[in-house]
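Hi,

Here is the structure I promised to pass on. Have a look at it first, and my notes follow below.

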Amino acid sequence: SSAAKSTYLIQMKRHKMPEKYSTAAEWYSDHFLSHTKPSSSSSSEKFDGLLYTYSSAFHGYAAVLAPEEVDAVRGSDAVAGVMEDRVYRVQTTRSPEFLGLDGVDGFLGGYNLTEINVSTSNVIVGVIDTGIWPEDPSFGDGGLPPVPKGWRGGCDSGIVCNNKLIGARALYAGYNQANGETGAQSPRDTDGHGSHTAGTAAGSPVANAGLFGYATGTARGIASQARLSIYKACYPQGCYASDIAAAMDRAISDGVHIISISLAAGNVPYNNDVIAIGAFAATANGILVSAAAGNGGPAPGSVLNLAPWILTVGAGTIDRTFPAYAKLGNGNVYTGISVYNGTGMGKNLVPLVYNAGGGDSSLCLAGSLNSSAVSGKVVVCDRGVNERVDKALAVMDAGGVGMILANTAAQGEDIEADPDLIPGMDLGYAEATAVRAYATAGRSPTAGLSFGGTSVNVKPAPVVAAFSARGPNALTPQILKPDLIGPGVNILAAWSQAVSPTGLPEDSRVTPFNILSGTSMSCPHISGVSAILKAIHPDWSPSAIKSALITTSYTIDNTNSPIEDSVDSSVATPFVLGAGHVDPAKAVSPGLVYDANVTDYVSFLCWSNYTAESISTIAGGRNVTCPEANGVDDPGQLNYPSFSVVFVSGGRPVSYTRVVTNVGNGPSTYVVSVTAPSAATIVVIPKELVFGAKGQKLQYTSTFGSNRGANATAGNAFGAISWISNTTQVTSPVAFTW
């Protein structure tokens, strides 16, 4: 019956179109008729129910179908997918909605969204990066009240402050010294990275945003009502430690509430790391520091920004992609990703080539391709060594007409979108391997590339990005890092108009938005969420905010399965995603928090065998005296919201005591739930925590035992400790290392 019918979008396999059709629209119409029961035989009515036939953004048609007709359509070999229509709201980068920041019925975790927006306008996010493009619409101040009282920052000459962008400073003495420059540097962003991170954290809403027709909607930062203060410490030759230190110093003195820093160095001791030192000072002043975990994944132990007073952020995907298709001469079609916006390749296939010149030609390094071998062809380029967009440029310079960027085992199924100058796409490792094999089979291989626009509600999501740096913590194995993950793959945000979207000199395009991937992108997402928590709970310490984010993170994706690692589709462990993916709606009401202060962090450094002199360097010159070693000193004793247990000395048990603070309203009772791997045991005492009032602190002790015995070989296992009330679950991941 007509009442049982619904609207569906049917995506067709274009390569399956029979030759008898001159247009895809004709094929789509016939396909609709052959799988439905027309309400009338008249030529004018038999197409009733066929709403659209698409030609560019979507390959297929939209139709009103009964349940049995849907089943028939799904069974067609020519159909790539069927999705039910749904109501959409104008949106963007999509990550705010993916994070649930639109709330439910005007509320976010029990807090009124209107009131949150008002409070968030009193929060200032400091971004240390490559500067700002102030004219970008993401930094407009429409509707914002005057600058919060007590603000001490301002804008350098050439940058006009407003009620959104309330500070912009360039710190450049170190850069000038190292590069022989003498003039003043401007906070203006000529790289794009800084504008992107600032816009992600706290950009104003901008309607009709997008990149060349991709990811269209309303772009807005995570804390869109918060204020921004920019500290430029990065230049074409890099970010000098002296300038970073000056930027952090200035941010603290100006009065920011959150510092977002998408920078990292190697794993040097905390007392030699300006970010760790600056973050300690910020924490002492009540300022949370959110930092990128680094893009060194999937190598174990690659995670950076390891200090426990820093919130360390890894990267995952969101439920949006930009599908691109590689059709091969053997009939196979492989799906990747691209935001190429130029003239397509048409229907005709062209020759396909891979590693034709030997040597470095498989990597498509600059100058490595022989024009006679690649001219007029689609070139397969192995990912790695040089930048992705540089590979497409190398292909273009050699006369190639298209590029398939082929992932290696190092990137796995982690694919990223680029606005290449020629038709180009990124393919995951499994499909890239098949394309390489076809291209080298010696049977005149051919290929063609086509592009499918923007697709949302992708599953599974989130997935941890292959590049997202991994644990264990190389400096302090007893502290679990990264802390959590956030959206960091193919993120749309503000962009400098002083540089093209590829950053290549050969690219003359200008755009106010760009799509980037990296833990540089996930970090400002978490910075923005932290700003919202600061607005709702202005009396919370940085460690309380961090605890709320960690203990409420989730580990189940939108298919109701454990979050996967894009390297090999395995279940992501706490060394890969920390506690899980950020969940703002739960973080605003975490129930319990694991708080810590400067004294606790000094004790941590003592337990980590830093000298009093070194600790004083980190702690801003404080006079430090470490107690005599008592034989059980262990940095894992820090009141941290996660556990990383290292078994030594024959696998003897490890015990840690934690203190939790009730931040819920009124009395509450929590009961412990433990998940332990077969190789270890977890015993928690007491098993119940009864709080009589908000603000009360109670402690518990967890004892971790090894079932592997004294001769255990190196390895890892994982578990969790959860405290559960009738309304809240507070979960700490546990990592075990032998």
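Strand S38 (residues 716–724) and strand S39 (residues 729–737) run antiparallel and are joined by nine bridges. Before going further: this is a predicted model, so local features need pLDDT of at least 70 and side-chain atom pairs count only at pLDDT 80 or more, while totals for chains, interfaces and linings use all residues. Residues are numbered from 1 along each chain as its sequence is written, and side-chain values use heavy atoms, with hydrogens and water left out.

On terms, helices (H or I, at least four residues) and strands (E, at least two) are DSSP runs numbered from the N terminus, and two strands pair if DSSP finds at least two bridges between them.

S34 and S38 run antiparallel, with five bridges between them. Strand S34 (residues 668–675) is joined to S36 as well, by four bridges and again antiparallel; there, tyrosine 670 stands opposite leucine 689 in S36.

Put together, this is an open sheet of five strands in the order S32-S39-S38-S34-S36, with mixed pairing. Strand S32 (643–646) and strand S36 (688–691) are the edge strands, each pairing on one side only. Neighbouring strands here are turned by 20° against each other on average, direction ignored. For angles, axes are lines fitted to C-alpha atoms (for helices over the stretch in contact), and values run from 0 to 180 degrees between N-to-C directions. As a reminder for reading the faces, side chains in a regular strand alternate between the two faces of the sheet.

**The four-stranded sheet**

There is also an open sheet of four strands, ordered S31-S33-S37-S35, with antiparallel pairing. Its edges are strand S31 (592–593) and strand S35 (680–685), each of which pairs on one side only. S31 is joined to strand S33 (residues 654–662) by two bridges, the strands running antiparallel, and valine 593 sits opposite threonine 661 in S33.

The loop between S35 and S36 holds proline 686.

**Proline 482**

The other cis bond I'd point you to joins lysine 481 and proline 482, with omega about 0°. Proline 482 is in the loop between strand S26 (463–464) and strand S27 (484–487). Is proline 482 buried or exposed? Its relative accessible area is 0%, so proline 482 is buried (buried means under 20% relative accessible area, exposed over 50%, partly exposed in between, with a 1.4 Å probe and protein chains only).

Leaving aside residues up to four places away in sequence, proline 482 touches Ala293, Val303, Thr312, Gly314, Ala469, Gly471, Pro574, Phe575, Val576, Leu577 and Gly578 (contact means heavy atoms within 4.5 Å). Leucine 304 is 178 residues from proline 482 in sequence, yet the two are 8.2 Å apart in space, C-alpha to C-alpha.

**A helix crossing**

Helix H4 (residues 113–120) packs against helix H12 (residues 519–536) at an angle of about 100°, with the axes 8 Å apart. H4 and H12 are therefore roughly perpendicular to each other (angles under 35 degrees count as roughly parallel, over 145 as roughly antiparallel, 65 to 115 as roughly perpendicular and the rest as oblique). H4 contributes Ile116, Ser119 and Thr120 to the contact, and H12 contributes Ile532, Ala535 and Ile536.

**Two positive phi values**

Valine 385 is not a glycine, yet its phi is positive, about 75°. This valine lies in the loop between strand S21 (378–382) and helix H10 (388–397), and counts as exposed at 75% relative accessibility. Asparagine 560 likewise has a positive phi, near 65°. Its place is the loop between helix H13 (542–551) and strand S30 (564–565), and at 66% relative accessibility asparagine 560 is exposed too.

**Domain records**

An unreviewed UniProt entry lists "domain: PA" at residues 351–434. That span is 24% helix and 21% strand, and its end C-alpha atoms lie 16 Å apart. UniProt positions are in the numbering used here, feature names are shortened, and annotations may be inferred rather than shown by experiment.

Cheers
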